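User: Please take me through this model by question and answer. Keep it brisk.

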Amino acid sequence: MLMEEDMEDKTHMLQESLDFQAKEKSFYEVLGEKYPPSPKPDSSSLINPYGEIADDGYSYCNRYNSSTSSSNGSGYLIDVVDPSWINSRVDYDASLVSSSNSLHNIVNGFSDSPVSPLQDGDAYSESQLVWNFRKGVDEASKFLASGSKFMVSMGLNKEQQIHSESRGKKNYHLADRDLEEERITKMPAVAAESSIPIEEFDEALLHSMGEGEKKFAVYRANLRNEANRTAQKNGQGSGGAKGRGKKNTRKKEVIDLRTLLISCAQAVAADDCRNANELLKQIRQHSSPFGDGNQRLAHYFADGLEARLAGTGSQIHKAFVSKRTTAADYLKAYYTYIASSPFRKISAFATNKSILMKSGKATRLHVIDFGILYGFQWPTLIQRIAGREGGPPKLRITGIDFPQPGFRPAEKIEETGRRLDHYAKTFNVPFEYNAIAQKWETIKIEDLKIEEGEFVVVICLYRTKNLLDETVVAESSRTMVLNLIRRINPNLFIHGIVNGAYSAPFFVTRFREVLFHFSALFDMLEANIPREKAERMLIERDIFGKEALNVIACEGWERVERPETYKQWQVRNLRAGFGQVPFKREIMERAIDKVRTYYHKDFVIDEDSQWLLMGWKGRIIYAISCWEPV
């Protein structure tokens, strides 16, 4: 596709080059100088400051709906922008943003000078000449170090740098920050996680036995007490119920953010921009990423609606995906999340316990994990099988995930393998790891390197929602992946799903469902994690906020958040040739006991149709089940 766009640009290159030479010649005539011989035309000189081939003066496409990539070839927004200032920001090409302010000041001073030859309207139109001259300066500035580099070489700190750069008319320090983000995402780079001390992972991941379990229990108790104090301070009881004070009740009744969001979604769907913008303005006035659960939910949903209205949803989501959040940051958020919510901890407990019970005395265990990411649940499995009577089996883990953007698509899961290898050596477990970073439907059974005599377990926890369904492609990726798993013929298939019904092709219907789904999640965080916790902000912004934005602002192939209910997945799994296996009673009873003993009373855990269900205040959010080939 990139090659096709490049060829399209080149079809106009010769004509545009000749036009430019004619304009340049007239410019030299105005200056009273001889026109020099033209060098070989450079296609980059035909690109205006907005990254598009210039036909005349200042003409350019709508920056919200244009699909033209920047000249550096990334195709992504550099950072996760706040949609509240999207409408006012001019998106310069990265190479032009780095121009120093002095050059722009020279241009402004030159063009505004009473003796400037650019004032001669008879020779040429002022706007075209100004643009041509600015373009020449911008081209020349590519050969100079960026303003930020000059500041660093002069020994100025970041604050002084921003102050110095802010003297221009435009917000250059924001542009430089974005440019720095782009450089980070494009670096061929050494593994970003390799410098993190392994002790940071030990405390968070080995929390189910020994000293790790004790520290985890203390952290969980402290977190709950802190959340209760925060709730009482904000007029709520320890159970998360709203206070009965008249003053607080009146405040809550003034603005119904949920109704405003639904009304705004209806206006966006009807392409009623005026009404949608008015409603967004009201929502913005009463929402905040630092407020209570409802205000935070409204803030991120307003981001999605604004991105959909502007047509920038796919770019912002790509920026989220490209954003480098380190494993250490995610680890802290993960530790806080499992301490405040049972969803991930119970999933890992049920999965690991089922593997240990089913594999029995097998001497070789092969775990194939679709969606391994950081592999946070596997150190506890390694720790437990190390103490198995008769010695541990040889453990092989095949980590599968979608490729990440950049030059190293498998970097994350390869680093996961190195981390797991460390734990295997720590606990003296024979270990082998195989990383696969590609689209799941393109994986062949040979890629998995399955050996005869292995006890094979396939795991997929909460990631099949990212596979395309029949509404996008005739041959569903979900069906193809399930058929692949069936061909693997595993001894055990453990499938965890996000229980959601917001995959409908109709926007307003989908918006209502995703609003109800994430309302439960944000309410859960409000009741269990203090508002000022940085880990809560990361969970809300980089996980829940990103998912909600994708559902709201993206369509077609770009909408990758497509969950289904556990009953729909049950039909799919049966059709693929699997038979359901119930969890052992011991696992179910211990899971229920853990939730009721250590977590908030409003968490739900139940069983239906041999699925282990988990949710919040009556709404089922996650479900997990076991399967065997028929």
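User: Which residues of α16 are buried?
Analyst: This is a predicted model, in which local features need pLDDT of at least 70 and side-chain atom pairs count only at pLDDT 80 or more, while totals for chains, interfaces and linings use all residues. Residues are numbered from 1 along each chain as its sequence is written, and side-chain values use heavy atoms, with hydrogens and water left out. Helices (H or I, at least four residues) and strands (E, at least two) are DSSP runs numbered from the N terminus, and buried means under 20% relative accessible area, exposed over 50%, partly exposed in between, with a 1.4 Å probe and protein chains only. In α16 the buried residues are A327, A328, Y330, L331, A333, Y334, Y335, T336, Y337, I338, A339 and S340.

User: How many of the residues of α16 are buried?
Analyst: Helix α16 covers residues 327-340. The helix is mostly covered. The buried count is 12 of its 14 residues.

User: What span should helix α16 have, and what is the distance between its end C-alpha atoms?
Analyst: The expected span of a helix is 1.5 Å times one less than its number of residues. For the 14 residues of α16 that gives 20 Å, so the model agrees: the end C-alpha atoms are apart by 20 Å.

User: How many helices and strands are there in the chain, and what percentage of its residues count as buried?
Analyst: The chain holds 24 helices and nine strands. It has 630 residues. The buried part is 49%.

User: What is the mean pLDDT of the chain?
Analyst: pLDDT is the predictor's confidence in each residue, from 0 to 100. In this chain 65% of the residues reach 70 or more, and the mean is 76. Over residues 1-15 the pLDDT is below 50, and this stretch has five contacts (heavy atoms within 4.5 Å) beyond near neighbours in sequence. Residues 237-252 are also below 50, with 19 such contacts; the chain mean is 76.

User: Which residues does W378 touch?
Analyst: W378 is one of the core residues that touch the most other members. Residues up to four places away in sequence are not counted. The list is T351, N352, I355, V367, D369, I372, I397, L420 and I459.

User: Is S314 buried or exposed, and which residues is it in contact with?
Analyst: S314 sits in helix α15 (residues 313-322). Its relative accessibility is 16%, so S314 counts as buried. L549 is 235 residues away in sequence, yet 9.2 Å away C-alpha to C-alpha. Leaving aside neighbours within four places in sequence, the contacts of S314 are C554 and E558.

User: Which residues is S359 in contact with?
Analyst: S359 belongs to helix α17 (residues 343-359). It is buried, with a relative accessible area of 10%. Neighbours within four places in sequence aside, its contacts are L365 and F455.

User: Which residues of β8 lie on each side?
Analyst: In a regular strand the side chains alternate between the two faces of the sheet. Strand β8 (residues 611-616) has six of its six residues buried. Both faces are covered: one side has W611, L613 and G615, the other L612, M614 and W616.

User: Over how many bridges do β8 and β9 pair?
Analyst: Two strands pair if DSSP finds at least two bridges between them. β7 (residues 603-608) and β8 pair in the antiparallel sense over six bridges, with L612 the bridge partner of E607. In β9 (residues 619-629), I624 is the bridge partner of L612. The β8 and β9 pairing is antiparallel too, and its bridges number five.

User: What is the phi of Q610?
Analyst: S609 is partly exposed at 39% relative accessible area, and Q610 is partly exposed at 32%. S609 has a positive phi near 50 degrees. Q610 is not a glycine, yet its phi is positive, about 65 degrees.

Notes: Core = buried A, V, L, I, M, F, W, Y, C linked by side-chain atoms within 4.5 Å.
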